[in-house]
Amino acid sequence: MEDKLEQLRDEAVVAFREADDEEQLEQMRVQYLGRQGELREMMKNLGSLAKEQRPAVGRLANRVSQELQQAYEQRQQQLAEQAAQELAERIDVTLPGRAPRVGRRHPLLATLDEMIEIFLGLGFNVAEGPEVENYHYSFDALNYPEFHPAMDEQMTFYISDDVLLRSQTSPVQIRVMEQQSPPVRIVAPGRCFRRDTVDATHCHTFYQLEGLLVDEGVTFADLKGTLEVFAHEMFGPSCHMRFRPDFFPFTEPSAEIALTCMICGGAGCRACGYTGWMEVGGSGMVDPTVLTGVGYDTEKYTGFAFGVGVERLAMLRHSIDDIRLFYSGDMRFLEQF
Ligand code: DAH
């Protein structure tokens, strides 16, 4: 009897351990531990044993019963954990796929690209200069006298007394002219920085497109004609251009450039301060002092230059009334373009 009990235990422990799922385990439980299971059946025979054998066999039977119960519960827990893990790892092939987001150009850079494209068509090349610039190229070479009021609008971030984040793309004019002799015909796109308080029309970081043309016999009419072609290409023939006298140290004469506000079509709205015009940049004939500074012969050559704010044009183009939207990183805004 004792041998039989031990044999039963060994067999049942293996059977529990090898049960592959809860259903099989349940079957094994019934078979070995159930009311009519093998252990119970064996225990019914206790009575037929000699009296002095009964206590020892009875104790063994109890122990076997406990051990089987334990083996059963252990396997049950293992199977439950396995099932939970499988459920967590299961791939639901019926779920709809996740479409990858299609990227697109930022509206500012798309506008800049279109501007460049127009000037390429007019025979200009693209030039670039550093965003971290020195004082010489930023101001000295552009004919800014120290402490001149024109410096006020060029307040920027200084790395040292002599090195700064450029406040305009105009220094590229000097860098280009130092590198080549006339004729020069370039546009220089790029990021600029100013110590401006951020509001609906100002940001500490912004883009400009600079233009420079130097050749024999260049006149103010060439400047005006070039910018007018640009305005029409960009916004269509209903966009007019307005020149008003302005001052920049590196041009003489200088003109502020304004375009018909394309948000209201010139009727006047909040965005243009009810004037119907949007100021987009500055321009003028390159001051002879600047040309002399880079070794150009001012008897032979004249030139014009301009600088246009890219954000302004992008705002006009898409009827956007707050510059901060460009830099917000807000996908709801960006996905509209
Ligand atoms: N750099 C000037 C600014 O940011 C804009 C400008 C004016 C550029 C006249 C020019 C120019 O090239 O000729 O305020």
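Here are legends for a handful of close-up views of this predicted model.

Residue numbers start from 1 along each chain as its sequence is written. Because this is a predicted model, local features need pLDDT of at least 70 and side-chain atom pairs count only at pLDDT 80 or more, while totals for chains, interfaces and linings use all residues; side-chain values use heavy atoms, with hydrogens and water left out.

**View 1. The two domains.**
The chain splits into domain 1 (2-89) and domain 2 (107-334), with bounds that come from an automatic or database domain assignment. Taken over C-alpha atoms, the domain centres sit 89 Å apart.

**View 2. Helix H1 against helix H2.**
H1 covers residues 2-18 and H2 covers residues 22-33. Helices (H or I, at least four residues) and strands (E, at least two) are DSSP runs, numbered from the N terminus. The two helices pack at about 165°, with axes 9 Å apart; axes are lines fitted to C-alpha atoms, for helices over the stretch in contact, and angles run from 0 to 180 degrees between N-to-C directions. That angle makes H1 roughly antiparallel to H2. As for the wording, angles under 35 degrees count as roughly parallel, over 145 as roughly antiparallel, 65 to 115 as roughly perpendicular and the rest as oblique. H1 passes H2 in a left-handed crossing, meaning that the near helix is turned anticlockwise from the far one by less than a right angle; clockwise would be right-handed. On the H1 side, the contact (heavy atoms within 4.5 Å) uses Leu8, Glu11, Ala12, Ala15, Phe16 and Glu18. H2 brings Gln24, Leu25, Met28, Arg29, Tyr32 and Leu33. Sorted by class, the contact of H1 with H2 has 8 nonpolar, 1 polar and 3 charged residues. Here Ala, Val, Leu, Ile, Met, Phe, Trp, Tyr, Cys and Pro count as nonpolar, Asp, Glu, Lys and Arg as charged, and the others, Gly among them, as polar.

**View 3. Helix H2 against helix H4.**
The axes of H2 and H4 come within 10 Å and cross at roughly 175°, so H2 is roughly antiparallel to H4. From H2, look for Glu22, Leu25, Glu26, Arg29, Tyr32 and Leu33. H4 answers with Ser65, Leu68, Gln69, Tyr72, Arg75, Gln76, Leu79 and Ala80. The contact of H2 with H4 counts 7 nonpolar, 3 polar and 4 charged residues.

**View 4. Leu46 in its loop.**
Leu46 sits in the loop between helix H3 (38-44) and helix H4 (54-89). Leaving out residues up to four places away in sequence, Leu46 touches Met1, Arg54, Val57 and Gly58. Leu46 and Val57 are 11 residues apart along the chain, and their C-alpha atoms are separated by 7.7 Å.

**View 5. Helix H5 crossing helix H8.**
H5 (residues 107-121) and H8 (residues 220-235) have axes that come within 10 Å and cross at roughly 130°, and are therefore oblique to each other. H5 passes H8 in a right-handed crossing. Thr111, Glu114, Met115, Ile118 and Phe119 of H5 meet Thr226, Phe230, Glu233 and Met234 of H8. By class, the contact of H5 with H8 has 5 nonpolar, 2 polar and 2 charged residues.

**View 6. Helix H7 and its buried residues.**
Pro171, Val172, Gln173, Ile174, Val176 and Met177 are the buried residues of H7 (residues 171-179). Buried means under 20% relative accessible area, exposed over 50%, and partly exposed in between (1.4 Å probe, protein chains only). Their cover includes strand E2 (132-134), helix H6 (135-140), strand E4 (184-193), strand E5 (205-216), helix H9 (288-293) and strand E9 (301-309). Zoom in on Val172, which counts as buried at 2% relative accessibility. Not counting residues up to four places away in sequence, Val172 touches Ala127, Glu128, Gly129, Arg166 and Ala188.

Most residues other than glycine have a negative phi, and most peptide bonds are trans. The peptide bond from Pro182 to Pro183 is cis, with omega near 5°, and Pro183 lies in the loop between H7 and E4. Another cis bond runs from Glu252 to Pro253, with omega near -5°; Pro253 is in strand E7 (residues 251-260). Tyr274 has a positive phi, near 60°, and is exposed, with a relative accessible area of 61%. Ser319 also has a positive phi, about 55°, and counts as partly exposed at 46% relative accessibility.
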